[in-house]
Amino acid sequence: MSFSDGQIWGIIVALGVGTFLMRFSFLGLIGDRPLPPFVLKLLRYTPVAVFPGLVAPLVMSPAATGGTPDPARLAAAVATLAVGVLTRSVLWAILAGAATLYGLLWLLG
Amino acid sequence: MSTSTTKSAFRDGFLQGLPFLLVIAPFGLLFGVVGSEAGLNVAQVMGFSFLVIAGAAQFTAVQLMTENAPVILILAAALTVNLRMAMYSASLVPYLGAAPLWQRALAAYLSVDQVYAASILRYQERTEPLPARIAFFFGVAAPLVPVWYGTTWAGAALGAQVPEAMALDFALPITFLAMLGPALRTLPHVAAAMVSAVMAVVLAGLPTGIGLLIAALCALLTGAAVETWQERRA
């Protein structure tokens with residue numbers, strides 16, 4: 001890369017400040033003023049609205065395989081989600097996903 | 001409000017944070033490796049993980065920096081990846097909004113995806129006094145954040161010695177899917193999740209972060225609409 005040290009630090013600090021402001025935004029400005037019921041109803045779905053959207057493109061076209069769907073990664077995704085739904089446990093879900101991923105990568109080698 | 005409830009909430013949070021180490025550690029290691037291979041020195045790689053503390057945005061920034069993209073584009077792309085944090089912030093308001101300013105500021109700094117996910121699940125499942133909610137939040141962050149710093153440093157120091165066969169790239173999808181499973185509690189949750197996934201894949205061609213934002217907004221509306229429909233039927 002062709003950035004000076006000063007530019008690199010500028011990028012890091014600007015990203016740090018910007019990211020903090022986004023995280024602080026509503027929590028900092030609204031505080032304990034009550035939100036309208038409809039807004040509360042929408043916000044209840046924030047985690048399930050964000051996580052699938054974040055992950056679906058990564059599962060369908062992983063960068064590590066140049067964007068082509070990969071059986072080991074697809075199977076690991078299915079195993080993680082299924083075990084998470086069945087056990088309600090993040091730990092078991094992660095273990096199932098990692099075991100499937102490494103198991104299949106090794107088998108399909 | 002007793003101190004013991006607050007203490008046990010912190011301990012609960014700490015214990016629920018521990019499993020995420022399995023994904024935070026490889027992800028931090030991977031960022032350290034990628035950052036140092038891109039030409040950043042150890043202090044700069046650590047600066048990212050300490051000041052930005054958001055893996056996906058950090059990867060986006062470093063990727064664009066290696067392509068010598070204009071600074072303004074690097075900032076715009078990485079911050080767009082983090083727009084979801086504003087949604088997290090809004091959804092935490094009903095639970096943490098009444099906390100003192102310094103606690104809200106610290107919680108904001110610490111609201112990485114995993115801390116947010118574990119905390120919001122807890123808040124939606126049980127009613128607790130505010131100090132216990134704050135203690136739980138900090139409890140989840142307590143094991144994760146130091147390990148994020150530490151593994152970033154290790155990755156930057158070890159550099160290219162981390163083998164590609166570790167498939168560290170998939171730590172991120174696995175962590176989000178592991179957080180998603182337990183959150184799929186009702187029909188509106190499932191409907192919202194499906195809309196989010198489908199829309200994000202359809203909109204994958206848009207700049208990173210924009211597609212996700214549109215997909216997430218559609219999913220929020222879907223969840224609320226299905227919930228309203230269920231209430232009318234009942």
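Analyst: With 234 residues, a compact globule would have a radius of gyration near 17 Å, and chain B, at 19 Å, agrees. That radius is taken over C-alpha atoms, and the globule rule is 2.2 Å times the number of residues to the power 0.38. This is a predicted model: local features need pLDDT of at least 70, side-chain atom pairs count only at pLDDT 80 or more, and totals for chains, interfaces and linings use all residues. Residues are numbered from 1 along each chain as its sequence is written, while chains are lettered from A and ligands numbered from 1 in the order in which they are written.

Chain B has 12 helices and 0 strands. These are DSSP runs, numbered from the N terminus (helices: H or I, at least four residues; strands: E, at least two).

Now the domains. An automatic or database assignment sets such bounds; for chain B it gives domain 1 (3-182) and domain 2 (184-234). Their C-alpha centres lie 23 Å apart. Across the boundary, 9 residues of domain 1 of chain B are in contact with 9 residues of domain 2 of chain B. Contact means C-beta atoms, placed from the backbone, within 7 Å.

On the domain 1 side, helices H5 (71-81), H6 (84-96) and H10 (171-183) of chain B each supply at least two residues. H5(B) gives the largest share, 3 residues. By type, that side divides into 5 nonpolar, 3 polar and 1 charged. Here Ala, Val, Leu, Ile, Met, Phe, Trp, Tyr, Cys and Pro count as nonpolar, Asp, Glu, Lys and Arg as charged, and the others, Gly among them, as polar.

Notes. Two residues are in contact if their C-beta atoms, placed from the backbone, lie within 7 Å.
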